[in-house]
Amino acid sequence: MTDIASNLNQVISSIKRFAKKYDRDPASISLLAAAKQQSISKIQAAYDAGQRLFGESYLQEALEKMHRLPKDIEWHFIGHIQSNKTKGIAEHFSWVHSVDSMKIARRLSEQRPDHLPPLNICIEYNLDHEASKSGIESDDALRELTAYCLSLPRITLRGLMAIPAKQTSLEAQRKEFHQLVERWEMLRQHHCVLDTLSMGMTEDLEAAIAEGSTLVRVGTAIFGKRE
Ligand SMILES: *Cc1c(COP(=O)(O)O)cnc(C)c1O
């Protein structure tokens, strides 16, 4: 498991290096370890190396892991959300990055337990209209869902998330992320207090940081290929 610690340190160094290259404060970029389909022992190794934010994509798998891992982990739900899973998500996670409908937002707010702080959420935008991905697909839908999320008492809208289509050049990757940044800025101009741009994974980390990501979700570079 020493390789998990060294992988993690390499990812942290890359984040610092890219932050410097693009004139950004490295402290403004959080690292979420995307742990879906990774073993508990690997997650524990990342935890032992200092990592505290972990992302999961499947509720059942996440609940089993939560049960067996340290209690001070901050769990983020980053997968597609079916409405019959909102209760478990609202009860067990601190963040949800993949909200893409009013129905899901309403259920998460209604089902967030009173003894917990409001659930932090991001709205997922499907930039390339890919059928395989979740996310809203128009600016009208974005404005409508944003206003609705802001009206709900038990969720706090923090920002936007996207998983762009695969691109091969840094420039093409940056173009993708830039589309999300433009929407984020549009909402901020309309007095919406947002502080989170959830973008960037193993293959497009540099592009995401160049475009202003505040939270990168990295799996493969930390844990290796998924099982
Ligand atoms: C799996 C996953 C990641 C991590 O992807 P890698 O390419 O392994 O870094 C990031 N975000 C989401 C939403 C994911 O499902």
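**Exposure and salt bridges, by the cut-offs**

Trainee: Why is Lys87 called partly exposed?

Mentor: Its relative accessible area is 46%, and partly exposed covers what falls between buried (under 20%) and exposed (over 50%), using a 1.4 Å probe and protein chains only. Do keep in mind that this is a predicted model, where local features need pLDDT of at least 70, side-chain atom pairs count only at pLDDT 80 or more, and totals for chains, interfaces and linings use all residues. Residues are numbered from 1 along each chain as its sequence is written, and side-chain values use heavy atoms, leaving out hydrogens and water.

Trainee: What makes Lys87 and Glu91 a salt bridge?

Mentor: Their closest N and O atoms are 3.0 Å apart, and the definition asks for a side-chain nitrogen of Lys or Arg within 4 Å of a carboxyl oxygen of Asp or Glu, so the pair qualifies. Lys87 and Glu91 sit 4 residues apart in helix α4 (residues 86–92), about one helical turn; a helix here is a DSSP run of H or I with at least four residues, a strand a run of E with at least two, both numbered from the N terminus.

Trainee: How do you know whether Arg183 is buried or exposed?

Mentor: Arg183 has a relative accessible area of 18%, so it is buried. Its salt-bridge partner is Asp139, with the closest N and O atoms 2.8 Å apart. That pair links distant parts of the chain, Arg183 in helix α7 (residues 170–189) and Asp139 in helix α6, 44 residues apart.

Trainee: And what makes Asp23 exposed?

Mentor: A relative accessible area of 73%. Asp23 also has a positive phi of about 60°, although it is not a glycine, and lies in the loop between α1 (2–21) and β1 (30–34).
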